[in-house]
Amino acid sequence: MTETTKLTRIGAVLLAAPILANLDATSVGVATEALAGSFRAPLSDVQWVSTGYLLALGMVMPVAGWAGDRFGAKRVWIFAVAAFTLGSMLCGLAWSLPSLIGFRLVQAIGGGLMNPVGQAILARVAGPSRIGRLMSMLSIPVAFAPAVGPILGGVLVHELGWRWIFFVNLPVCLVVLPLAARLVPAGEGTGDRAQRLDLLGLALLSPGMAALVYGLSSAADGGSPMAVWLPVAAGVALVVGYLVHGLRGKGVPLIDPRLFARRGFSSATGTAFLLGASLYSSMLLVPLYYQRATGAGVLAAGLLLAPQAVGAAFGALVAGRWSDRSGPRRVVQLGLGLAMLGTVPFALLGGGPFALLGSGPFALLGSGPAASVPAWLLSGALVLRGIGLGAVIGPNVAAVYTSVTREQASRAASAVTVVNRIGGSLGTAALTVLLQAELAASASPAAAFGHTFAWSLALTALAFLPAALLPRRQ
């Protein structure tokens with residue numbers, strides 16, 4: 001077996017479970033109505049099936065780096081898949097809404113550990129010369145699954161019932177577990193019992209993350225000012241407290257703030273933050289536009305989002321090889337440029353921010369119904385946007401690992417994953433609140449979406465600032 005074939009097999013095994021986790025996270029949203037009917041519960045209670053999962057992820061992800069160093073990345077990854085498998089089975093057997101929410105927390109233990117630990121394993125196995133290629137492969141589920149999840153969820157709920165959203169994970173996980181035990185190389189855990197978990201850091205960072213996610217989710221759901229600002233303020237205070245602790249405390253912190261003193265690491269995590277804000281918010285805005293402004297159903301909206309998924313998969317595969325040869329900066333900047341070009345037609349919906357011009361090249365798309373931007377143009381734009389986003393994710397993550405030592409890889413993986421999720425939460429909540437305000441103030445739903453997509457375009461443009469500081473070479 002050649003070294004390339006061996007790496008590809010390891011990557012494929014480490015890719016399978018995160019794909020399921022991402023599919024599960026996005027397909028559950030389609031089952032909201034079915035869950036409300038099955039448990040005879042209001043939507044305000046059912047939404048905790050998703051929100052509780054996000055909160056638990058925020059609690060678990062910071063521990064991934066310590067666990068990989070302490071027990072070995074392979075052991076932790078296999079444990080994560082086993083926890084996700086057990087959680088999936090229990091969710092499918094849930095007898096009440098509280099039991100389902102509780103079992104989703106078990107799922108989140110696995111989901112929160114799989115991505116950062118799997119990335120750290122690949123970074124160690126691949127080495128600097130091939131890391132861009134393998135990181136791009138691992139980034140495919142991040143960009144692809146959110147488009148496929150609603151389609152798969154809609155089919156399963158319609159044909160088999162909501163429980164099969166969870167049961168469908170079981171056969172794949174049961175195949176992945178023995179393959180991982182055989183193919184994935186043994187971890188490099190120290191096994192040193194003196195390497196204690198940073199309990200004070202955990203008490204500050206994980207609740208801080210959870211409070212931020214809760215506050216942002218409340219904002220997106222139209223919660224009261226107290227329900228939004230109180231947890232956000234508490235979350236910010238706890239995270240700031242963690243930064244002080246991480247810089248001044250003794251021992252090894254969960255996520256070392258000193259890593260951000262490295263130019264390559266700080267620029268890559270800054271890009272990941274803004275990319276998360278742009279990517280996750282678009283996964284909400286695009287299908288919502290098709291449903292609200294064009295009247296498409298859930299399945300149709302998911303299918304209309306498929307071009308972005310195809311483009312993302314293509315962009316991720318091509319960008320990895322290019323990044324290994326030429327370094328991440330050019331690839332990331334080109335990807336951001338393509339993502340911006342793919343967002344422009346959506347920013348022109350109903351005239352968007354250009355409706356005030358009244359003439360010029362945007363007059364044809366100025367004001368009017370959603371059909372003023374042809375459907376074929378929007379589909380083509382999604383392909384272009386997908387290629388751009390797919391081209392950015394892998395090389396940017398690779399830049400994180402090439403800027404730290406092998407010993408710092410696990411904690412660097414936790415840091416970039418946490419930062420990316422914070423960006424996704426902030427971006428999604430902010431653009432959702434903005435969209436609600438625009439829909440209330442505008443007579444045209446298309447124009448409201450156009451204005452909101454213009455802000456998404458601005459977030460992508462802002463990512464050029466940290467991307468300009470990425471290294472030219474690996």
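At 22% relative accessibility, Val157 counts as partly exposed (buried means under 20% relative accessible area, exposed over 50%, partly exposed in between, with a 1.4 Å probe and protein chains only). The model is predicted, so local features need pLDDT of at least 70 and side-chain atom pairs count only at pLDDT 80 or more, while totals for chains, interfaces and linings use all residues. Residues are numbered from 1 along each chain as its sequence is written, and side-chain values use heavy atoms, with hydrogens and water left out.

Val157 lies in helix α8 (residues 131-159). Helices are DSSP runs (H or I, at least four residues), numbered from the N terminus. Leaving aside neighbours within four places in sequence, Val157 is in contact with Ala31, Ala34, Trp162 and Ile165 (contact: heavy atoms within 4.5 Å). Ala31 and Val157 are 126 residues apart along the chain, yet 6.5 Å separates their C-alpha atoms. Trp162 also forms one aromatic cluster with Phe39 and Phe166.

Eight aromatic pairs are present in the structure. Rings of Phe, Tyr and Trp (its six-membered ring) pair if their centres lie within 6.5 Å; planes under 30 degrees apart count as stacked, over 60 as edge-to-face and the rest as tilted. The ring centres of Trp95 and Phe103 are 5.7 Å apart and the planes stand at 75°, so this pair is edge-to-face. Trp95 is exposed, at 64% relative accessible area. Phe103 is buried, at 15%. For Tyr289 and Tyr290, the centres are 5.3 Å apart and the planes at 55°, so the pair is tilted. Tyr289 is buried at 2% relative accessibility, and Tyr290 is buried at 5%.

The largest nonpolar core holds 61 residues. Such a core is a set of buried Ala, Val, Leu, Ile, Met, Phe, Trp, Tyr and Cys residues joined through side-chain atoms within 4.5 Å. Leu14, Trp77, Phe84, Met114, Val117, Ile121 and Phe265 touch the most other members. A second, separate core has 19 residues, including Val286, Ala296, Leu378 and Leu382.

Helices α6 (residues 73-92) and α10 (residues 169-183) have axes that come within 10 Å and cross at roughly 165°. Axes are lines fitted to C-alpha atoms, for helices over the stretch in contact, and angles run from 0 to 180 degrees between N-to-C directions. The two helices are therefore roughly antiparallel (angles over 145 degrees). Among the contacting residues are Trp77 and Phe84 of α6 and Leu170 and Leu177 of α10.

Note on methods. Angles under 35 degrees count as roughly parallel, over 145 as roughly antiparallel, 65 to 115 as roughly perpendicular and the rest as oblique.
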